[in-house]
Structure formats: structure tokens, C-alpha cells
Amino acid sequence: LAFEEVLRACGLMPAQVTLEIEVDGVEDCAHLVRAVANYKARGYGIAVGRFGRRAIDFALLREIGPALVKLDQQLVASNRPLPPLIDRLHELGAQVAIESPDTAALREQARERG
């Protein structure tokens, strides 16, 4: 709640803030799911960053229910077909973005692959 006091002092409400979580390496998924549910209940948006860097866990995403999933650059640069992955993320209700496509080549590769 202290965080919300800081936001209010800045003129912001939780609905104007999206918390980005990196789920790789989370050891206690049940605790993460409860924590995310608490933040969502208070109005915060949830994003998952660097998705696909190590593993792709749709079951965890389904439980978290992020509004946004940011694909990791390594996933985009791999030969994995992106359209089926993006379709599946959309089915979970998430918007999809690419994590920092900082080179023209990576942006072009992402466009070509859907």
C-alpha cells in the first residue's frame, strides 16, 4: 500500500500502472500467481517481459493472465515460427510486443515471420 501512496502523490492510480514481471527462474509459481492476483485486484496491469528467453510456460501465463507479453529478442531471432505462438498468446487475452527490437535486422526478421 505504500507504493500506492507514492503513486497518489504523483497523481497516478494503479490502473495507470503496468507491472512487468520476468517469470524465468521463478521457484514458487503458486506464490507468484497469488501476488499477481492481488495486484490485479487492486487495479494494476500486468505484463510479462522477456518471454521465451528460456522456456515457454503457457500454463503459468494462463494463471497470471497478463495484459501484455513481451517476446524476448532471442526467441524472435530463433527459427521458431512466431505466428502460432502469437495466436496462442492472443487466445490467452494478451497483447504481444517484441522486447527491445533494437536493430533494423531484428525488426525486419520479426515482420517477415509474422
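Pro-14 is in contact with Glu-4, Leu-7, Arg-42, Gly-43, Tyr-44 and Gly-45, leaving aside its neighbours within four places in sequence. The model in which these contacts are found is a predicted one. Pro-14 sits in the loop between helix 1 (2-9) and strand 1. The relative accessible area of Pro-14 is 10%, and buried means under 20%, so Pro-14 counts as buried. Ser-100 lies 86 residues away from Pro-14 along the chain, and the C-alpha atoms of the two are separated by 25 Å.

One of the contacts of Pro-14 is Gly-43.

Helix 2 itself covers residues 29-41, which makes 13 residues. From its first C-alpha to its last, helix 2 reaches 18 Å, close to the 18 Å expected at 1.5 Å a residue. Which residues of helix 2 are buried? They are Leu-32, Val-33 and Val-36. Seen down the axis of helix 2, the buried residues fall within an arc of 100°, so they line one face of the helix. In general, an α-helix has 3.6 residues a turn, so residues three or four places apart point the same way.

The buried residues of helix 2 are covered by elements that include strand 1 (18-21), strand 2 (45-51) and helix 3 (58-64). On the face of helix 2 turned away from its buried side are the exposed residues Arg-34 and Ala-41.

| Residue | Relative accessibility | Class |
|---|---|---|
| Cys-10 | 57% | exposed |
| Cys-29 | 31% | partly exposed |
| Pro-14 | 10% | buried |

Cys-10 counts as exposed because its relative accessibility is 57% and the class begins over 50%. Cys-29, at 31%, counts as partly exposed. How many disulfides does the model contain? The count comes to 0 disulfides. A disulfide is a covalent bond between the sulfur atoms of two cysteines.

The largest cavity has a volume of about 40 Å³. Its lining consists of Glu-22, Val-23, Asp-24, Gly-49, Arg-50, Phe-51, Gly-52, Arg-53 and Ala-55. Strand 2 (45-51), one of the elements that cover the buried residues of helix 2, also takes in Gly-49, Arg-50 and Phe-51 of this lining.

Conventions
Residues numbered from 1 in each chain as written. Predicted model: local features only at pLDDT ≥ 70, side-chain atom pairs only at ≥ 80, totals over all residues. Heavy atoms only, no water. Helix = DSSP H or I, 4+ residues; strand = E, 2+ residues; numbered from the N terminus. Expected span 1.5 Å × (residues − 1). Buried < 20%, exposed > 50% of the residue type's maximum accessible area, 1.4 Å probe, protein only. Arc of directions from axis to C-beta. Contact = heavy atoms within 4.5 Å. Disulfide = S-S within 2.5 Å. 1 Å grid on protein atoms, 1.4 Å probe; cavity = no way out; pocket = protein on both sides within 12 Å on 5 of 7 lines; lining within 4 Å. Points joined across faces, edges and corners; volume = space filled by probe spheres on them.
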